[in-house]
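Subject: Structure handover

Hello,

Here is the structure for your files. Please look through it first; notes on what was found follow below.

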Amino acid sequence: IVFVITNDGGQPRQISEWSYESVIGWSPDGSQLYFAVPYTGGAAWKVYAYDLDTSQSVEIFTIENGTPKLLNPKLSPDGNWIAYRGRDNSSLYLVRTDGSETHLVLENVGVVGVEWSRSGWLGVSLRKPDSDESKIVLLKPESCEAYLLPETLNGELQGLYIP
């Protein structure tokens, strides 16, 4: 179940009634919160936008190829893209927030953590096979730039700051 609360500690407002929702992120102007809800056993996820002004959630589209375990969706800082883990629990996809232009970015590489920077870089933690260790890749989707960070920087991303 997802709740929103004002930053002054006001009364929490429940915005969903399902279980196992995955929060995607806030629109750049802060007027909408995107979240996904699993259905059909979790392999597909319905994407919703909750509008703060109208207090209404609207279903936008369905992610058909998401992982049933942890979708880990993240909204790009410009509000145009959602990055998420694929059905194989190992790949990374991008889809526009209107459900169009779904495409594979990384295939079968052990994707676990996904984070966007405010400058539009996408950081991805990649779990090494048969290991608890992860390596980190930085991607700039619009220019197809990719950088593997040194092995000394490893683990699962919890945030990303690149000016």
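A search of the whole structure, which is a predicted model, gives 3 aromatic pairs. Rings of Phe, Tyr and Trp (its six-membered ring) pair if their centres lie within 6.5 Å; planes under 30 degrees apart count as stacked, over 60 as edge-to-face and the rest as tilted. One of the pairs is Y84 with Y93: the ring centres are 5.6 Å apart and the planes are at 15 degrees, so this pair is stacked. Both Y84 and Y93 are buried (under 20% relative accessible area; exposed is over 50% and partly exposed in between, with a 1.4 Å probe and protein chains only).

W121 and Y147 make a tilted pair, with 5.8 Å centre to centre and 50 degrees between the planes. W121 lies in the loop between β11 (111–116) and β12 (122–127), and Y147 in strand β14 (residues 145–148), so the pair ties together parts that are 26 residues apart in sequence. Strands (E, at least two residues) are DSSP runs, numbered from the N terminus. W121 is buried at 15% relative accessible area, whereas Y147 is partly exposed at 42%.

Next, the sheet. An open, antiparallel sheet holds 4 strands in the order β7-β8-β9-β10; two strands pair if DSSP finds at least two bridges between them. β7 (74–75) and β10 (103–106) are the edge strands, each pairing on one side only. Strands β8 (residues 81–85) and β9 (residues 92–96) are joined by 5 bridges, and I82 has V95 in β9 as its bridge partner.

Residues are numbered from 1 along each chain as its sequence is written. Local features need pLDDT of at least 70, side-chain atom pairs count only at pLDDT 80 or more, totals for chains, interfaces and linings use all residues, and side-chain values use heavy atoms, leaving out hydrogens and water.

Regards
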